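Me: Could you walk me through reading a model like this one, feature by feature?

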Amino acid sequence: MSKWQQYIVLGGILFIFQTKGVRQIFQSSSFLYTVCGTIAVLLVVAVIASVCTEKRKEKQKEEDDMSL
Amino acid sequence: MVKQKRLLLQKDRIARIVCVLLFVFCLTCLSGCSLVSGGSQGNEAVNAEKETMSCWTCSLFELAFRVIDSMSVNLMASIADSSVSLLGVCYALWLAIYILKYVSAMNAPDTGAFWKGLAVQTFFVTLGAGMLRDLGSGSSSSVIEMITDPIFTGFVDTGLMIINASGLSFSCPSQGSPEAGMVCLISALQGKLNVSVGISYLSIVAGPTIFVMMVGAGIYCVSIFMMLYFPVLLLDCVFRYCILIALLPLIVVAFCFKITRGFAKQGGQIMVEIGLAIVGMCVFTAVTVEVIHQYIDEFIPYVRNPLYFLDDPSSMDKVMNGPGITGLIFVILFLIYFADVILDLMGMFSEGAGGLGKTAQSTYSGVKNLSKTGMQAARFGINRGMRIKDKKAIKDREKLMKKQGSGKELTDKEKKKLEKANDRLSDRGFLATDRKGNLHKTQAYDNLNKGKGLRNWAKGIGEDWHSNPMRSSLDRRDHSANKVSDGFKGYLDD
């Protein structure tokens with residue numbers, strides 16, 4: 001990247017992050033709590049999905065053993 | 001005529017003229033240049049010399065450095081706060097996609113690998129969140145204090161270490177602060193350029209002819225331009241570094257995810273590029289200082305005491321019209337032009353950021369050798385010019401002496417010509433004067449007048465390449481070594 005490209009790209013990113021709207025959204029604690037809540041829900045989904053998968057695997061194994 | 005006027009008033013020409021006028025205006029404002037009103041020219045020159053003693057670019061540089069630094073720290077703290085939420089959003093998106101991939105797999109998915117991938121990513125995100133919290137609060141254990149600042153300082157210190165290790169006529173010890181190191185270099189540069197500013201200021205204020213004033217203005221302009229240009233180039237590197245610092249929170253966020261790790265890598269590359277540019281600029285600034293120092297010492301050592309010329313306007317005229325001053329303008333312009341090339345060169349080196357010290361050292365040696373060869377070439381040019389003039393003086397003298405010897409009377413013009421030739425040859429040590437004022441040929445005179453031929457020509461070229469114009473003149477004037485060749489046995493005048 002040339003020097004002027006660096007100025008334009010990096011300065012542009014800085015400008016976007018300094019705009020009022022972006023700062024208001026990203027720096028508000030309610031937004032952060034919402035994000036944390038979403039992550040927690042997704043982690044729970046991950047746990048449930050993995051448990052279901054394991055159960056399905058066990059069931060499949062039992063069925064395979066029975067057929068033999 | 002009308003066509004010429006129209007040509008002069010073309011749009012691009014007007015822009016150029018306005019630029020030149022603006023440049024001269026800026027320089028005049030910066031210099032505090034004033035007309036001599038009240039008080040003598042001597043007082044004005046003394047004041048000018050006093051003014052050149054202080055490093056005014058240093059305070060400008062320090063101010064700009066601090067402003068850029070504090071601006072970047074404030075920006076970084078603000079962006080770090082936003083970046084925590086951004087990191088959370090990115091992590092949530094990553095998690096959603098990761099779970100979807102796991103759930104929608106056609107084959108039976110590997111639960112162990114799933115949880116391993118999740119744990120690794122969570123570790124990176126937790127680490128990133130911790131770093132961002134530290135950056136936001138300005139903790140002394142933050143990434144900036146522990147990693148980026150020491151790296152940047154290290155680059156500046158590398159440049160200073162190369163300078164100190166190369167045995168230049170000045171030294172800038174690494175003080176652990178990049179600002180102090182750069183200010184030391186700028187101060188040294190201004191110290192050397194103050195000599196040319198002093199003589200040029202004096203030429204403008206008390207120059208005996210308009211040509212001297214114009215040459216003085218030329219040197220003044222290029223010196224002031226160089227004084228400003230080099231700090232600006234250093235500040236350019238600092239500015240880019242500070243933009244990078246302001247973006248550090250985003251680089252940390254990018255580092256946490258595999259897909260955006262390239263962005264963080266780009267940040268690292270820019271950091272190395274800026275660091276190498278700083279090393280190159282520090283070393284080149286030092287080389288510039290040394291080149292100017294050496295040039296002044298070798299070609300125009302008398303300008304170190306410009307006040308001497310106040311009592312002797314004819315000497316000032318001679319010096320300002322001489323090749324030394326013109327050469328100084330060319331040397332300064334060459335160095336200004338080459339500074340940009342250095343930045344490009346260091347940019348190219350940073351593409352493969354290996355062998356840092358070796359690269360910087362080889363660049364430094366290359367620049368130093370190039371400058372040395374440039375100086376030698378300039379010296380050779382001056383010597384050749386001097387030799388041609390000396391030969392012409394000998395030829396004129398011989399011709400006129402022959403005419404005088406044959407009993408013919410010389411015209412006033414010829415007498416003046418003979419006197420001028422004798423003066424030149426005496427000054428250059430080709431003729432020796434005895435106590436009665438008679439002139440005698442020396443061995444150097446005979447050697448120079450040996451005639452044509454390839455051997456003599458090659459010998460002359462060799463001598464001109466290796467000798468110093470001023471020193472060889474002084475050596476010839478020592479008549480214990482350069483003896484009189486016409487058989488005179490009496491005492492010679494010193």
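Me: Which residues have the most contacts inside the largest nonpolar core?

Reply: In soluble globular proteins, nonpolar side chains tend to be buried together. Here the largest nonpolar core has 101 residues, and those with the most contacts inside it are B:Leu185, B:Leu244, B:Leu248, B:Ile278 and B:Cys282. Take B:Leu244: leaving aside neighbours within four places in sequence, B:Leu244 is in contact with B:Gly267, B:Ile270, B:Met271 and B:Ile274.

Me: What about the overall make-up of the two chains?

Reply: Chain B has 17 helices and 2 strands, and 32% of its 494 residues count as buried. Among its contacts between residues at least 6 apart in sequence, 77% join residues at least 24 apart. Chain A comes to 3 helices and 0 strands, in the pattern α-α-α. Buried residues make up 6% of the 68 residues in chain A.

Me: And where do the chains meet? Which element of chain B gives the most to the side that touches chain A?

Reply: For an interface, look at how many residues take part, then at which elements supply them. Here 29 residues of chain B are in contact with 25 residues of chain A. On chain B, the elements giving two or more residues are H4 (56–103), H5 (111–137) and H8 (210–246). H4(B) gives the most, with 17 residues. By class, the chain B side has 22 nonpolar, 5 polar and 2 charged residues.

Me: Is B:Met401 buried or partly exposed?

Reply: Partly exposed, because B:Met401 has 15 other C-beta atoms within 10 Å, and a buried residue would need 20 or more. B:Met401 lies in helix H13 (residues 356–405) of chain B. Its C-alpha is separated by 8.1 Å from that of B:Leu418, 17 residues away along the chain. Helix H14 of chain B covers residues 412–427 and reaches 22 Å from its first C-alpha to its last, close to the 22 Å expected. After H14(B) comes B:Gly429, with a positive phi near 85°.

Me: Where in the model is confidence lowest and highest?

Reply: Where pLDDT is low, the predicted coordinates should not be read in detail. Chain B averages 77, with 83% of residues scoring at least 70. Its confidence is lowest in helix H1 (residues 2–8), at a mean of 49, and highest in helix H9 (residues 248–255), at 90. Residues 31–40 of chain B stay under 50, with 6 contacts beyond four places in sequence. Residues 352–361 of chain B are below 50 too, and that stretch has 9 contacts beyond near neighbours in sequence. Chain A has a mean of 83, with 93% of its residues at 70 or more. In chain A, helix H1 is lowest, at a mean of 76, and helix H3 highest, at 87. For the complex, the predictor gives an ipTM of 0.78 and a pTM of 0.58.

Notes
Residues numbered from 1 in each chain as written. Chains lettered and ligands numbered in written order. Predicted model: local features only at pLDDT ≥ 70, side-chain atom pairs only at ≥ 80, totals over all residues. Contact = placed C-beta atoms within 7 Å. Helix = DSSP H or I, 4+ residues; strand = E, 2+ residues; numbered from the N terminus. Nonpolar A, V, L, I, M, F, W, Y, C, P; charged D, E, K, R; others polar. Core = buried A, V, L, I, M, F, W, Y, C linked by C-beta atoms within 7 Å. Buried ≥ 20, exposed ≤ 12 C-beta atoms within 10 Å, placed from the backbone. Expected span 1.5 Å × (residues − 1). pLDDT = per-residue confidence, 0-100.
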